[in-house]
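Here is a short report on one protein model. Look at the sequence and the fold, then read on.

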Amino acid sequence: MKEYLHMVKRWDVIIVVLLTVLSFLPLAIFTYAKSQEPAPPAGSESKLVAVIKVDGKEYKRVDLTGHTGVDTFKVTADDGDYNEIEVKDERIRISAANCNDQVCVRVGAIGKLGETIVCLPHKVVIEVQSTTGETEPDDGIVIPS
């Protein structure tokens, strides 16, 4: 080990430390940007709704705003495929599924506008929308067409 220490120069250490610090820069930027998002006004009429679609067709709508407690239901296909969906307080998740990859289960709970859970093998999509039909938060960015 000592024979290799003489090969490490001062600039090598500076570059490694600088790159390590810079690797955390995106985390700091996104955390700051997320904390600056405005909260919806207290008296706004917009409520969050989880829209569950199976094979592109709407299966069920679940109100998330103001929801308390735990509700669980199962989405079952004709071929025996199932997704067990759990609504706990103001968040929704797929708690169990019989698909091979289990990506939809590992996503966890969602509850913010625009978030989605997708189970590709079973063609199940859960998307959080507002009652006004918005699927993404208004971030003030205007894209001209």
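Which residue takes a positive phi in the hairpin of β3 and β4? Gly80 does, with phi near 95°, and the hairpin has 5 residues between the strands.

This is a predicted model, in which local features need pLDDT of at least 70, side-chain atom pairs count only at pLDDT 80 or more, and totals for chains, interfaces and linings use all residues. Residues are numbered from 1 along each chain as its sequence is written, and side-chain values use heavy atoms, with hydrogens and water left out.

Strands here are DSSP runs of E with at least two residues, and helices are runs of H or I with at least four; both are numbered from the N terminus. Two strands pair if DSSP finds at least two bridges between them. β3 and β4 run antiparallel and are joined by 7 bridges. In this pair, Lys74 stands opposite Glu84. β4 also runs antiparallel to β5, with 6 bridges. There, Ile85 faces Ile94 across the pair. The hairpin of β4 and β5 has 2 residues between the strands, and Asp89 takes a positive phi near 55°.

**An open sheet.** 4 strands line up in the order β2-β1-β7-β6, with antiparallel pairing. β2 (57–63) and β6 (116–119) are the edge strands, since each pairs on one side only. β1 (residues 48–54) is joined to β2 by 6 bridges. Ala50 stands opposite Val62 in β2. Strands of a sheet pair through backbone hydrogen bonds.

**The core.** A nonpolar core is a set of buried Ala, Val, Leu, Ile, Met, Phe, Trp, Tyr and Cys residues joined through side-chain atoms within 4.5 Å. The largest one has 20 residues; among those with the most contacts inside it are Ile52, Phe73, Ile85 and Ile92. Elements giving two or more residues include β1, α4 (103–106) and β7 (124–130). Contact means heavy atoms within 4.5 Å. Ile92 touches residues including Ala50, Leu64 and Ile126.

**Salt bridges.** A salt bridge puts a side-chain nitrogen of Lys or Arg within 4 Å of a carboxyl oxygen of Asp or Glu. The count comes to 2.

| Pair | N to O distance |
|---|---|
| Arg61 and Glu58 | 3.1 Å |
| Arg93 and Glu86 | 3.0 Å |

Buried means under 20% relative accessible area, exposed over 50%, and partly exposed in between (1.4 Å probe, protein chains only). Arg61 is partly exposed at 42%, and so is Glu58 at 46%. Arg93 is partly exposed at 27%, whereas Glu86 is buried at 17%.

Key: Lists of a residue's contacts leave out its neighbours within four places in sequence.
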